[in-house]
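Here are my notes on the model you sent.

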Amino acid sequence: MPAVIETHQLVKTFGSTRALDGLDLRVEQGEVHGFLGPNGAGKSTTIRVLLGLLRADSGRATVLGGHPWRDAVSLHRRLAYVPGDVELWPNLTGGEAIDLLARLRGGLDRRRRDELIERFDLDPSKKGRTYSKGNRQKVAIVAALASDAELLLLDEPTAGLDPLMEVVFQGVIRELKAEGRTVLLSSHILAQVEKLADTISIIRRGRIVQSGTLVEMRHLTRTSIEAVTARPVTGLDQLAGLHGVEVSDSRVRFAVDGQHLDAAVRHLSGFGIQSLTSHPPTLEELMLRHYGDELAASGNGERS
Amino acid sequence: MTATTATPAAPARPARPAAGGGTLTGTGTLVRFALRRDRVKLPAWLLVLTVLVFYYAAALPEVLGDNVQAFGRFMVGPVGALLGGPGYGSDAVTVEIAIVGVYGLYFLIAAALMNILLVARHTRVEEQTGRSELVRASVVGRHAPLTAALVVAAGANVLLALLIGTAMAVSFPHPGQGFLFGASVGALGLVFAGVAAVTAQVSEYSRAASGIAGAVLGAAYVVRAAGDMLGGEAHGSALSWFSPLAWSQQTRPYVDGRWWPLLLSVAAAAGAAAVGYALSARRDVGAGLVAARRGRAAAAAWLSSPLAYAFRLHRASLLWWAAALVVAGVAYGALTQPIVDAFADAGTSELIAVLGGDVSQLLDGYLGAMVLFDALLVSVFVVLGGHAVRAEESRGRAEPVLATAVSRWAWLGGHLAVLAAGAVGLLLVVGVVMGAASAASVGEAGYVADLVVAHLAYAPAVLVLLGVAALLAGVAPRAVGLAWVAFVYGGFIGFFGPLMGPPQWVFNLSPYEHVARVPLEDLTWPPLLVLTAVAAGLVAAGLAGFRRRDLGTT
């Protein structure tokens with residue numbers, strides 16, 4: 001089956017800034033694809049190119065089998081978009097904005113609109129300029145989700161939502177996934193992506209640095225092990241792929257690369273394991289491996 | 001070496017809440033902050049206005065040369081009263097009298113706009129964007145932001161008065177009179193700083209706040225113009241004195257200068273500022289006096305196409321413009337006969353030259369000038385509409401719409417179609433209203449049709465302005481403000497060109513000059529068709545440019 005989104009060596013520059021620098025992204029039919037990266041990595045630029053709002057300088061992009069710039073209008077009938085920073089018309093109410101955007105896409109499921117407004121606890125009769133950031137975000141989410149779009153492009157959709165609303169949002173996305181729709185979910189909130197995404201792509205400085213299912217990516221990375229053994233563990237320095245080893249009496253703690261996990265656990269079992277905890281790498285750890293050098297260099301994880 | 005007594009300092013006690021006078025805490029810092037933010041804008045305003053004085057002082061003697069008498073008749077005629085003022089010194093025009101009496105009004109308007117924008121920028125815009133919340137959360141008194149804005153405005157007006165005064169004083173004899181003119185400009189600036197301080201409290205929406213202050217300026221213009229036109233050769237009438245613009249103009253620099261009318265300006269400015277303070281004490285940060293109303297929970301059924309969306313966004317502005325033009329049309333139409341009577345004895349050859357006919361055509365000449373005036377007002381609507389379209393894009397509101405099944409062509413085309421239809425509609429409305437009012441005033445029903453035709457004849461010229469705005473919005477969105485250049489050029493050449501006698505090509509560059517001035521002249525179709533084609537070409541180029549470029553992103 002052809003991919004829903006496919007880009008090949010996509011490049012977009014703004015003056016001297018290379019916002020996209022040879023981006024290869026592939027999103028398959030029916031998956032929720034997490035699109036992770038820090039601020040300024042090129043997430044929004046990618047989504048805007050996929051929407052035909054920006055024109056790529058070079059490279060190829062295909063969305064739902066069409067060309068995002070040339071076929072913009074026909075593609076937009078089949079997809080829905082939630083921008084990261086929602087601006088509403090000051091003198092239109094939220095309800096009017098939802099209806100307008102949905103109708104301009106080609107139709108509105110009124111029952112679903114009302115249900116979503118209810119679930120997100122949104123007051124649709126307030127004027128655009130009186131909404132808080134979170135409520136503006138809800139307006140855009142309802143307008144996008146009240147459609148029958150095959151593909152949803154969500155650019156940090158829950159920025160500004162409170163935790164309760166985030167749970168509602170996750171529920172709605174799971175329903176959409178069950179209906180077989182495809183979602184591209186950009187975020188720097190790792191926990192959210194972890195809960196929803198089947199596959200993820202990590203973008204850094206306009207390139208995809210890693211892509212795959214969560215399972216695959218964890219396989220490539222380290223698992224943290226903590227064990228209490230009957231006899232003190234020795235000989236750990238003989239093993240390959242161990243990091244951050246700490247041994248104190250009967251307690252041992254280390255991180256091990258995926259392909260060396262088996263050997264490490266075998267080794268431990270020779271000392272009489274009394275308790276063993278292991279946890280897979282969190283996305284924070286995945287991200288830190290990709291941005292760790294920057295963190296060390298600049299003291300923060302963001303780049304302007 | 002210090003002279004303190006040796007007792008060790010007591011541990012610092014927590015500062016008590018400031019008692020009394022605390023509402024102004026932090027004003028000094030905010031003033032410096034405002035000056036830092038305005039370090040380009042404010043000097044630019046002052047510099048441009050000062051340079052303009054030198055420009056007129058250098059350029060006018062050439063132009064005036066042989067035309068002194070014509071200039072004098074123009075100043076005291078109805079069109080001069082409409083566009084210039086009460087016409088003091090018309091019997092012995094000098095360059096400085098021409099600057100003060102004819103172009104002085106535009107210095108006054110510029111000063112008013114400078115103050116409206118300045119006060120709005122440092123009060124309501126700050127609140128609307130939420131930045132003042134940050135400021136007010138620190139050690140800043142309740143009245144400090146408004147006070148800081150007014151202090152900066154007052155300083156700017158004093159500086160403006162001194163700069164213009166100095167420019168006049170070094171260019172012409174009687175330096176005291178030069179400074180009187182400068183002071184009259186600064187004083188009007190103060191009045192509108194006060195007006196803006198009031199309007200900033202009323203609406204929680206900055207565009208509405210400056211819009212209301214702009215409407216006050218418009219009303220001041222209408223009242224002054226009507227009063228001056230009714231005054232005939234008497235240099236204004238009692239009606240004029242209801243407008244702050246008249247207080248500045250009634251100082252009569254270089255004729256028999258007097259300072260006392262400026263006391264009215266200062267008193268009005270102080271009174272308005274006091275009202276502003278009183279109102280601001282009655283409301284919350286970020287809120288207006290007029291609470292935002294709730295609206296409908298669902299969109300009306302018709303709001304479902306790009307065209308309907310564009311109409312919905314421009315609807316409020318269209319209605320306000322229609323209301324303003326109806327008022328102006330009624331006022332100027334109803335004054336037709338009284339104004340003609342006021343000038344009935346003034347039928348000298350120079351006045352006739354200015355109005356382009358014989359004395360019996362004084363009436364038609366007046367009406368023709370008024371029609372051009374209306375066409376320029378509708379052009380302002382069009383150019384502001386271009387700015388609004390640009391703002392849709394730059395504020396990020398175009399993005400979600402263009403992410404739906406709306407093409408670039410439909411999005412910009414919808415806006416332009418609404419603006420074009422709106423402009424033609426406004427011309428029709430003001431034509432009907434002014435026609436009816438002047439027909440009633442003169443007692444000749446034929447003027448209704450004449451004035452409707454006269455207004456609609458300007459539609460192609462106004463659409464050329466729309467084309468310029470469309471081209472800029474489509475191709476060079478940051479430069480959309482350049483459309484004002486076309487507007488100012490057209491207005492200046494339209495009214496002052498005949499006095500200056502430039503070569504014909506200078507006239508030909510203005511779209512408004514290709515329109516026959518009905519009822520004085522007969523309607524000619526070919527230029528209108530050419531103008532329409534030019535407008536269509538500009539719009540097409542703008543649309544093509546917009547389809548090709550990246551959308552501006554926030």
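**Notes on the predicted model**

1. The model is predicted. Strand S9 (residues 199-204) of chain A and strand S10 (residues 207-213) of chain A run antiparallel, joined by six bridges. Within this pairing, Ile203(A) has Ile208(A) in S10(A) as its bridge partner.

2. Next, the turn. Two residues separate S9(A) from S10(A) in the hairpin. Arg205(A) sits in that turn, with a positive phi of about 50 degrees.

3. S9(A) has another partner to check. Strand S4 (residues 32-36) of chain A pairs with S9(A) in the parallel sense, over four bridges. Leu36(A) is placed opposite Ile202(A) of S9(A).

4. Now the interface. Chain A brings 32 residues into contact with 30 residues of chain B. On the chain A side, helix H2 (72-76) and helix H3 (94-105) are the elements that give two or more residues. H3(A) provides the largest share, eight residues. By class, this side of chain A has 13 nonpolar, seven polar and twelve charged residues.

5. Turn to Gly236(B). Its place is the loop between helix H10 (206-230) and helix H11 (244-249) of chain B. Is Gly236(B) buried or exposed? Gly236(B) counts as buried because it has 23 C-beta neighbours inside 10 Å, and the cut-off for buried is 20 or more.

6. Which residues does Gly236(B) touch? Leaving out residues up to four places away in sequence, Gly236(B) touches Pro86(B), Gly227(B), Asp228(B), Gly231(B), Ala246(B) and Gln250(B). Val468(B) is 232 residues from Gly236(B) in sequence, and their C-alpha atoms are 38 Å apart.

Conventions
Residues numbered from 1 in each chain as written. Chains lettered and ligands numbered in written order. Predicted model: local features only at pLDDT ≥ 70, side-chain atom pairs only at ≥ 80, totals over all residues. Pairing = 2+ DSSP bridges. Contact = placed C-beta atoms within 7 Å. Nonpolar A, V, L, I, M, F, W, Y, C, P; charged D, E, K, R; others polar. Buried ≥ 20, exposed ≤ 12 C-beta atoms within 10 Å, placed from the backbone.
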